[in-house]
Amino acid sequence: MGFIERYHKFLEKYKIVIILLWLVILGVGAWLGPRFLDETSSHFEAPEDSPSVIADAVLAEEFPEYVNQTSVVIILRMREDNVSIINAQTETFCSDIETDITSSEFNQYIVSILNYYVLVDANLSSYASALISSEEKSMIINIEFEYPEEGDVIGTFVQFLREEIEKLATTEDYDVYLTGFYVMYIDMQAATAEDLTKMDMIVLPIALVVLAFVLRSLKLMIIPIASMGISILASFLIMYPLALVWDIFSFVPSVMMSLVIALSIDYSLFLLTRYREEILKKKSVSESVLIMSKNAGHTITVSGLILIVCYMGLIFFPLELLSTIGLGAAVTIFITLGVNLTFTPAILLTFENFFKKFTLYKKLSRKKKDEKEDVKEREIADQLKSIWYKIGRFSTKYAPFLIIAIIIIAIPVSIQVFKFQRSIDFLQILPRGSDSDLAYTAFKEDFSPGQMLPFYLIIKTNQTNGLHSTEFFSNASLILERLVTDTDVDIESFTSIVCLAGTYVPYSYARKFLNDSYSEYYTSEGAMYRQIFEINTNSDNSTTTISINTPFDPWGDNAEEWVKATRSIIDEVEEIYGYAIYLAAGSAFMIDAIDAVYKLFPLMIIITILVVYIIIALMFRSVFIPLRLILTIGLTLSWIYGLSILVFETATFHTIVPALQRVTALYWLVPIMSFTIIIGLGLDYDIFLLSRISEFRDKGFTEKASIHKGLYKTGNVISYAGIIMAIAFSGLMLSKEMVLNQFGFMLCIAVLIDTFIIRTILVPAIMSLAEKWNWWPKKVPEPTKTEMDID
């Protein structure tokens with residue numbers, strides 16, 4: 001007795017226990033699983049040895065108050081042009097919102113609240129002007145908030161602010177927006193919940209309708225629906241405690257949900273169509289489930305395990321964003337596979353009479369009984385009429401021409417991959433139309449974009465009171481001047497003890513603000529300078545920070561080049577002046593993380609190829625099949641990457657789809673995320689087709705007959721599986737986050753290309769030319785049957 005037979009006996013013996021166990025998991029998952037959504041995070045760090053992590057560690061050590069501080073920004077923007085934002089209405093708003101905040105429970109966490117009117121009243125007009133746009137169209141209120149490590153105080157504060165803004169902003173003369181890093185994260189969380197709702201309400205019903213059309217049985221439809229519910233809640237249940245320990249990125253639940261919908265329906269389709277096929281052959285339920293497990297079950301097991309291994313590879317990337325996506329996906333696939341391999345056969349065996357008598361079976365049974373048609377004649381007649389059989393014959397007859405034609409069509413699109421440019425643009429992960437998105441866009445248009453998310457240049461003199469010297473002030477000014485000369489920043493970009501309001505401050509002048517023996521000490525400007533000095537120097541006056549508000553978006557596509565140029569300058573000036581200098585915050589950690597990921601990406605590709613080759617070679621005991629499979633999947637990958645670059649980076653498509661107008665390149669994460677799942681999907685359909693072809697070849701059919709019959713038996717299932725999969729992933733294109741739109745587009749198009757071109761035409765064509773070499777070194781029976789014989 002083989003493993004499958006023993007496993008089948010186990011299922012028959014413990015089927016009730018298996019069903020009850022999954023139902024218990026379903027109940028616990030319904031209780032705790034949804035809590036996973038509230039524990040996701042937008043925080044991740046670069047590898048430990050990267051320059052940004054080292055710089056952030058220095059910043060935390062020398063300026064511990066920076067660690068739990070964040071800026072929340074309120075933007076007031078006039079709706080009409082040429083109307084000043086400086087007016088009585090906005091002054092009243094600024095006063096009222098400050099009063100509401102300081103009189104609330106959150107006042108204990110407030111570090112500072114700065115607005116134009118407060119600074120003007122303090123005779124600090126030069127500083128106040130930084131809070132007004134150049135054309136006086138907008139103004140900002142900057143709130144520095146120090147949040148505790150425990151609890152969600154910042155989230156509650158943001159909700160409080162939104163409620164207060166709604167009460168106070170009653171005029172139609174100006175709009176009020178709220179933004180800041182944590183505000184953006186809260187909107188991203190809300191977008192994730194909205195995405196899941198869209199998938200539940202729109203995508204899932206459509207996918208289920210297509211599945212019902214294929215199965216033609218409402219009774220059988222109960223199984224994939226139940227499997228889907230168990231899979232997603234069990235997956236969320238496992239991820240919930242992990243999210244309490246690790247920072248699981250905010251859109252991981254959306255990816256998991258898409259995988260559950262796609263794979264649950266895919267696996268159910270493979271299993272239940274085979275089960276129905278055997279039932280229609282008058283086999284018992286037990287025997288039908290055994291054959292289903294032996295063939296379709298084996299196919300989804302191999303495909304699922306390869307997909308898990310591929311996603312597990314992401315876990316070893318030195319970046320929590322990618323590793324948590326890999327973890328979430330691997331958990332989801334493992335649970336979905338487990339549900340389909342245990343719950344599905346157990347429920348079929350338990351309620352065998354209920355699931356055996358489906359409508360289509362009754363109709364065909366009556367027809368066979370009444371017409372008494374010869375089984376062989378009917379099978380051959382159905383085969384000859386099948387569109388998939390005809391496509392198979394066409395593909396094998398004109399194999400060389402079809403292979404050349406597909407390659408010629410693919411080349412112009414595939415070569416676009418050499419034009420690939422990665423993007424770190426923050427707008428691609430912000431939900432379109434959200435409050436934070438509108439605010440961030442308005443802020444970039446009216447102010448220096450770097451004001452919201454500045455970089456920090458940290459200079460360590462390594463001497464107590466090393467900052468109190470003419471030499472340091474002179475050297476620091478020269479360092480900043482070097483940045484102005486050689487990079488895309490200007491003197492107005494800096495806020496520090498050596499540079500204020502676009503002017504370098506000599507030590508002789510600064511000393512007057514710091515020493516109470518000078519009259520300047522008692523001026524409002526002196527008070528402001530001392531506050532800046534206190535904020536930007538450490539306890540022993542050996543280290544200072546220089547805030548760099550870049551004129552370009554610090555999370556835009558210009559940032560990467562600037563960070564690398566600045567670090568090059570830092571390396572030079574460190575040797576000249578003997579200081580330890582670091583570049584922290586901004587998007588520095590993101591740039592380091594991306595560099596680390598793309599350095600490892602080629603290794604990931606090589607390991608994935610080796611894993612796929614070894615597993616498929618062992619499964620089919622063939623050298624050629626895994627090689628051909630890797631080449632065809634490689635064609636799919638190059639095709640879809642090239643097409644995505646054309647769509648998202650070409651101006652032609654930007655005019656057609658307005659949402660693409662602010663996209664300059666693919667978001668850096670998308671090619672990494674899509675690589676693994678495109679390989680998994682390609683394997684899924686290829687293995688399903690190859691398993692049937694191999695099954696026929698092992699029964700003595702000729703090479704071409706095996707190909708034709710294999711495509712005839714699986715073409716319908718693979719096509720509908722591809723359509724369902726595309727529908728499932730199309731839910732990501734309904735998202736308001738561009739990164740998920742790009743991901744969904746790549747997966748949808750990849751599935752359709754793989755389903756209707758690669759597996760349906762190219763694979764049969766290649767296999768027909770390879771003939772006996774398909775199976776080498778495996779020994780196959782001598783071909784004794786043709787396509788006019790039946791199984």
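Mentor: A nonpolar core is a set of buried Ala, Val, Leu, Ile, Met, Phe, Trp, Tyr and Cys residues joined through side-chain atoms within 4.5 Å. Buried means under 20% relative accessible area, exposed over 50%, and partly exposed in between (1.4 Å probe, protein chains only). This is a predicted model, in which local features need pLDDT of at least 70 and side-chain atom pairs count only at pLDDT 80 or more, while totals for chains, interfaces and linings use all residues. Residues are numbered from 1 along each chain as its sequence is written, and side-chain values use heavy atoms, with hydrogens and water left out.

Trainee: Which members of the largest nonpolar core touch the most other members?

Mentor: Ile74, Phe157 and Trp668 do, in a core of 254 residues. A second, separate core has 8 residues, including Ala55, Val58, Ile458 and Ala584.

Trainee: What does isoleucine 74 touch?

Mentor: Contact means heavy atoms within 4.5 Å. Leaving out residues up to four places away in sequence, isoleucine 74 touches, among others, Phe93, Met139, Leu161 and Tyr177.

Trainee: How much of the chain is buried?

Mentor: Buried residues make up 57% of the 791 residues. The C-alpha trace spans about 110 × 50 × 50 Å along its principal axes.

Trainee: How many helices and strands are there?

Mentor: There are 27 helices and 12 strands. Helices (H or I, at least four residues) and strands (E, at least two) are DSSP runs, numbered from the N terminus.

Trainee: Where does H1 bend?

Mentor: At tyrosine 14, by about 75 degrees. The bend at a residue is the angle between axes fitted to the seven residues ending there and the seven starting there.

Trainee: Which helices do the buried residues of H1 pack against?

Mentor: They pack against helix H8 (218-245), helix H10 (285-315) and helix H11 (320-350). The buried residues of H1 include His8, Leu11, Trp22 and Leu32.

Trainee: Why is alanine 330 called buried?

Mentor: The relative accessible area of alanine 330 is 5%, which meets the cut-off, so alanine 330 is buried. Alanine 330 lies in helix H11 and touches Ile308, Tyr311 and Met312, not counting residues up to four places away in sequence.

Trainee: Why are strands S2 and S4 said to stand at the edges of their sheet?

Mentor: The open sheet has 4 strands in the order S2-S3-S1-S4, with antiparallel pairing. Strand S2 (110-114) and strand S4 (174-179) each have a single partner strand, so one side of each is left without a neighbour in the sheet.

Trainee: How do you know that S1 and S4 pair?

Mentor: Two strands pair if DSSP finds at least two bridges between them. S1 and S4 have 6 bridges, in the antiparallel sense, and therefore count as a pair. Arginine 77 has aspartate 175 in S4 as its bridge partner. S2 and strand S3 (residues 138-146) are antiparallel too, over 4 bridges.

Trainee: Why is S4 described as largely enclosed by the rest of the structure?

Mentor: Because 5 of the 6 residues of S4 are buried. Helix H17 (residues 435-446) lies across S1, S3 and S4, and runs at about 105 degrees to S4. Axes here are lines fitted to C-alpha atoms, for helices over the stretch in contact, and angles run from 0 to 180 degrees between N-to-C directions.

Trainee: Why is glycine 642 called buried?

Mentor: Its relative accessibility is 0%, so glycine 642 falls below the cut-off. Glycine 642 is in helix H23 (residues 624-649). Glycine 642 and phenylalanine 420 are 222 residues apart in sequence and 8.3 Å apart in space, C-alpha to C-alpha.
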